[in-house]
Amino acid sequence: LSGLVGSEMCIRDRHGLDSVLLSPEARGECDAILREHRLADELARYQLQPRHRVLLYGPPGNGKTLLAEAIARELEVPFLRVKYGGLIDSHLGETGKNIHTLLEYAGQGHCVLFADEFDGLGGARDRNGDVGEARRITNQLLIELERLPSHCIFIGATNMTGLMDNALQRRFDFVLEIKPPTAELVKRCV
């Protein structure tokens, strides 16, 4: 499994949400994610679960990874990062099996599972030139994300949402645009 996921830093060594510069809209959505997970037991009394699939999108270098780490820190859960080198396999069907193994492992406990450059994994199934394996991978992702328990927060990050499969995009409970910082946010940072 170490070829599929890397565990980053111990929890106490990470930064929290206050260290991340966000637009008011993105901060509000992050607060909602955290609130729901902190109230998971209360939600369960009403047969509800916290929403747990998050898609971050926006230009590179604006803090998508930093935000995913901060959410893990705020919830005091492990931060697991997908290792694409171990996930993608040249043998037919093996990538789907690896996705199943990865998400089954992550779903065993409370954690944040982070997949950067997610568009490379969940590409549109109607792309020209696809030999079928990419469609199978996206189908496997659709199935596995539906099965993932709510105590595991899955965060996908992309710079190019236009390359992602539409059905896969609809599986996300939160879709947050991480915009370049405004002049006001830069001043706050300084």
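Reader: How many disulfides does the count come to?

Author: A disulfide is a covalent bond between the sulfur atoms of two cysteines. Here the rule is a pair of cysteine sulfur atoms within 2.5 Å, and the count comes to zero. Cys-111 is in no disulfide, and the nearest cysteine sulfur, that of Cys-152, is 3.6 Å away. This is a predicted model, in which local features need pLDDT of at least 70 and side-chain atom pairs count only at pLDDT 80 or more, while totals for chains, interfaces and linings use all residues. Residues are numbered from 1 along each chain as its sequence is written, and side-chain values use heavy atoms, with hydrogens and water left out.

Reader: Are Cys-111 and Cys-152 buried or exposed?

Author: Buried means under 20% relative accessible area, exposed over 50%, and partly exposed in between, with a 1.4 Å probe and protein chains only. Cys-111 is buried at 3%, and Cys-152 is buried at 0%.

Reader: Which residues is Ala-106 in contact with, leaving aside its neighbours within four places in sequence?

Author: Contact means heavy atoms within 4.5 Å. With those neighbours set aside, Ala-106 touches Leu-80, Cys-111, Leu-113 and Cys-152 by that rule. Ala-106 belongs to helix 5 (residues 94-106); helices (H or I, at least four residues) and strands (E, at least two) are DSSP runs, numbered from the N terminus. Ala-106 is buried, at 2% relative accessible area.

Reader: Which residues of strand 6 are on its covered face?

Author: In a regular strand the side chains alternate between the two faces of the sheet. In strand 6 (residues 174-177), Phe-174 and Leu-176 make up the covered face, and Val-175 and Glu-177 the uncovered one.
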